[in-house]
Amino acid sequence: MGNTTVEKAISPPRVRSRRTPALTGTRVAPWVFIAPFFILLIAFTIAPTIYAVVMSLRSDQTNAFVGLANYATVAQDSDFRAAVGVIWQFVYTLTPFFCVVVAVIALVIDGRAGWGKDWAKLLIFLPYALPATVSTILWAFNYSPDSSVFGLLLHGMGAKNVLAFATPRTLPYAIMNIVVWQNVGAWVVVLATSLAGIPSEIIEMARIEGAGALALTWRIKLPLIAPVLTLMVVSVVSYVLTLITEPYLLQQALQVPATYTPNMWAYNVSFQSGAFNLAAAASMLMLLVSSVFATIFVLRSGFYRLQDRD
C-alpha cells in the first residue's frame with residue numbers, strides 16, 4: 001500500500017487526450033476555408049457551362065436533341081466567321097503589342113528609384129480603376145474631333161467627325177486603343193511587383209559579373225518573371241476572345257456591326273432572334289478555342305516547370 005501511494009505521488013499526472021474537433025482538424029480546416037470558392041465556382045461557372053452544353057445540343061424550334069447540328073450551323077454562318085476573323089486580328093496584333101508595352105513600362109519603373117516610382121504606378125493604374133463602360137464612352141467622345149481633347153490633332157489628321165474611325169481598317173485599332181488604355185495599368189503593377197520581388201543579391205551578382213542593362217533584363221529579369229508573363233499572355237488572349245463591351249458600346253458612335261465579334265454575334269442571335277441554343281453553341285466553340293490555346297501555351301512555355309523550379 002505504501003509503495004503504491006509513493007508511486008502515485010511521484011508519477012506525473014495523466015493528461016486526458018482530447019480529440020480535435022472536426023472543424024479544427026488539420027485535414028478538414030483547409031477545406032472549410034476554400035469551400036466558398038468551390039461553391040461559387042460550381043454555381044457560377046461549372047453549372048452554367050454544363051447547362052450551356054446541354055442547350056447547344058438541342059434545337060431552338062423543337063427543343064429536341066440535335067447533336068452537333070447547332071455547331072455546324074454556327075461554323076457555316078458567314079457573319080460568325082467574319083467575327084472570328086476580327087478576333088484573330090485582335091489576337092495577333094493586340095496581344096504582342098499589349099505585352100511589349102506592359103513589359104517595357106514595368107522594366108522602366110523597376111529601374112527607377114524614389115517616390116516617383118510609386119506615383120508612376122498609381123497614375124498608370126488609374127484607367128483600370130474605371131469601369132470598362134466609362135472608359136469606352138470616354139474614348140467615344142475623344143474620337144470625335146469636336147469633343148476630343150485631341151481635337152486640333154485630329155483635325156490636322158483630316159478627321160472631320162467620329163465616323164473617321166469607323167472604316168474597316170481603322171475600327172479594330174480604335175477598339176484596341178481602348179483595351180490597351182484600360183488594362184495596361186493593372187498588368188504593369190503586377191509585373192513591377194514581380195520585378196521588385198527578385199532578390200537584390202541576384203541583381204548585384206550579375207552586375208559584378210559585368211552584365212549590362214540589356215543583359216540584366218534579357219537574361220535575369222525576364223526569365224525570373226516568366227510565369228507572370230505566361231499568365232499575362234493567356235489572360236489577354238482570353239479577354240480578346242470574349243470581347244464585347246467596347247465594340248457594343250461603340251455601335252452607335254462608330255457604327256460597329258451588330259455581329260462584329262463572336263460574343264456580339266451570340267448576343268444578337270439570342271436576344272434579337274431568340275436562338276438561345278445556337279448562341280450557346282457559339283459560346284461553347286469560343287470556350288473550346290480559349291481552353292485549347294491556354295493549355296497549349298502553358299504547356300509549351302514550361303510554366304509548371306518554372307513553378308516547380310521556384
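Asn 63 counts as partly exposed because its relative accessibility is 48%. Here buried means under 20% relative accessible area, exposed over 50%, and partly exposed in between, with a 1.4 Å probe and protein chains only. Asn 63 sits in the loop between helix 2 and helix 3.

The model is predicted: local features need pLDDT of at least 70, side-chain atom pairs count only at pLDDT 80 or more, and totals for chains, interfaces and linings use all residues. Residues are numbered from 1 along each chain as its sequence is written, and side-chain values use heavy atoms, with hydrogens and water left out.

Most residues other than glycine have a negative phi.

**The chain**

The chain has 16 helices and zero strands. Helices (H or I, at least four residues) and strands (E, at least two) are DSSP runs, numbered from the N terminus. Of the 310 residues, 35% count as buried.

**Helix 2**

Helix 2 covers residues 29-56, which is 28 residues. From its first C-alpha to its last it reaches 39 Å, close to the 40 Å expected at 1.5 Å a residue. That expected span is 1.5 Å times one less than the number of residues. Helix 2 has a kink of about 40° at Ala 35, shortly before the proline Pro 36. The bend at a residue is the angle between axes fitted to the seven residues ending there and the seven starting there.

Which residues of helix 2 are buried? They are Ala 29, Ala 52, Met 55 and Ser 56. Their cover includes helix 3 (69-76) and helix 15 (276-301).

**The largest pocket**

The largest pocket has a volume of about 400 Å³. Of its 18 lining residues, the closest to its centre are Asn 263, Ala 266, Ala 279, Ser 283 and Met 284. A pocket is an open set of points on a 1 Å grid over the protein atoms alone, where a 1.4 Å probe fits, with protein on both sides within 12 Å along at least five of seven lines; lining residues have an atom within 4 Å of a point. The volume is the space filled by probe spheres set on the points.

Which element gives the largest share of the lining? Helix 15 does, with eight residues.

Note on methods
Contact = heavy atoms within 4.5 Å.
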